Amino acid sequence: MSDKREIDEVTGVETTGHTWDGIKELNKPLPKWWLMTFYASIVWAIGYMIVYPAWPTLNGYTKGIWGYSQRATVSEELQGAKAAQATFRAALEKTPLAEVKNNPDLLRFAMVGGASAFATNCAPCHGRGAQGFAGYPNLNDDAWIWGGSLADIEKTILYGIRSAHNETRRSDMPKFGTDGMLTPDQINDAAEFVLSLSKRATDQAAVARGAKTFADQCASCHGPEGKGNPELGAPNLTADIWLYGGKKTDIVQSIVTGRGGAMPAWDGRLDPVTLKSLAIYVHSLGGGK
Ligand code: HEC
Ligand code: HEC
């Protein structure tokens, strides 16, 4: 073979001496750097297969001498996160509601938990942004029917309003129309007086008559000036913020039926840490009282 080596005339490169049908092969070896990389990757691949899991076997796979497993890594990380959560949960359970705000980390934990529990349990009635709907109060404003302190809000959430719980918040506005306690004219006048509390009355004579009815029938709950009473869940009628609408027809309807909206109790349905988180979250929405 070597005897057939020669220098190719056209390229000036030595041939290997192989010829096929008169075609000669030039002696052009692979570049050194390429070969080195090629051999290096073979060595690396063998090393990888020894160290890491690589080959399927009949009943599993080769584990590799380092025993590495992504699943183990992930579950280790999850364990870590769970442990951190458990620490926070335990701390939140022990910390009195009013003192949570003194610990920024705990407060953040409670806020995140509260927001998520709110989205699941409360948003269907109060709206995703807690903005409320007719009959379901807005929890973002600073107007609270049953009181806006942390303790008030916690109590509302725990026991509900007109709920089945023994300790539920409850007070029932009489059904002045349905039960025939007031005549339609008296109801009209009382409604006109209620409108006057937010400076929207149009019939001053009716307002004057309604003022008397209000003092006799309504002031015991809504207060002599209509400012409401959180002890009785009687809304403030002077702020022009309405649970059931502020048009005259809405107000007449409220007087006729007494409304009686209900909110379920959450005591026993959610765990104590979640309930605490909810109270803190809702309190933060409404301009803290
Ligand atoms: C089935 C509907 C419903 C669900 C679910 C619900 N609520 Fe309510 N919520 C109401 C109604 C209705 C009222 C107003 C009751 C009333 O006083 O007439 C209310 C009132 C409140 C109040 C008192 C507002 C005030 O001005 O004093 C708070 C606080 C509150 N809800 C928080 C929550 C939280 C937190 C959740 C979730 C754990 C929740 N609610 C779930 C219907 C609901
Ligand atoms: C026993 C207490 C009580 C008495 C008496 C009472 N109310 Fe109420 N009133 C309430 C309560 C509680 C609510 C809230 C009802 C609800 O949340 O479903 C309410 C709601 C209302 C509302 C609806 C407010 C809104 O934001 O939409 C109006 C209007 C109103 N009352 C007017 C009157 C008038 C007028 C009278 C007298 C004729 C009267 N109330 C007597 C307790 C009372």
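Which polar side-chain atom lies 3.2 Å from an oxygen atom of ligand 1? The atom belongs to Arg162. Such a pair is a polar contact, meaning two N or O atoms within 3.5 Å; within protein, one must be able to donate a hydrogen and the other to accept it, and residues adjacent in sequence count only if both atoms are side-chain atoms.

The model is predicted: local features need pLDDT of at least 70, side-chain atom pairs count only at pLDDT 80 or more, and totals for chains, interfaces and linings use all residues. Residues are numbered from 1 along each chain as its sequence is written, chains are lettered from A and ligands numbered from 1 in the order in which they are written, and side-chain values use heavy atoms, with hydrogens and water left out.

**Ligand 1**

A donor is an N, O or S atom within 2.8 Å of the metal (3.2 Å for Na, K and Ca); water is not among the atoms, so sites may look incomplete. The pair joins distant parts of the chain, with His126 in helix 4 (residues 123-126) and Met263 in the loop between helix 8 and helix 9 (272-285), 137 residues apart. Helices (H or I, at least four residues) and strands (E, at least two) are DSSP runs, numbered from the N terminus.

For six octahedral donors the ideal angles are 90 or 180 degrees.

Around ligand 1 there are 24 residues, and the nearest are Cys122, Cys125, His126, Ile145 and Met263. A residue belongs to this group if one of its heavy atoms lies within 4 Å of the molecule. By class, 18 are nonpolar, five polar and one charged. Here Ala, Val, Leu, Ile, Met, Phe, Trp, Tyr, Cys and Pro count as nonpolar, Asp, Glu, Lys and Arg as charged, and the others, Gly among them, as polar.

**Ligand 2**

The iron atom of ligand 2 has Met173 (SD) and His222 (NE2) as its protein donors, 2.0 to 2.1 Å away. Met173 sits in the loop between helix 5 (150-159) and helix 6 (184-197), and His222 in helix 7 (residues 204-222), 49 residues apart.

The shell around ligand 2 has 27 residues, divided into 16 nonpolar, eight polar and three charged. Helix 7 gives the most, five residues. An oxygen atom of ligand 2 lies 2.8 Å from a polar side-chain atom of Tyr244, and an oxygen atom of ligand 2 lies 2.9 Å from a backbone N or O atom of Gly260.

**Accessibility**

The table lists residues by relative accessible area, where buried means under 20%, exposed over 50% and partly exposed in between (1.4 Å probe, protein chains only).

| Residue | Relative accessibility | Class |
|---|---|---|
| His126 | 10% | buried |
| Met263 | 17% | buried |
| Met173 | 28% | partly exposed |
| His222 | 10% | buried |
| Cys122 | 13% | buried |
| Cys125 | 34% | partly exposed |

The structure holds zero disulfides, a disulfide being a pair of cysteine sulfur atoms within 2.5 Å.
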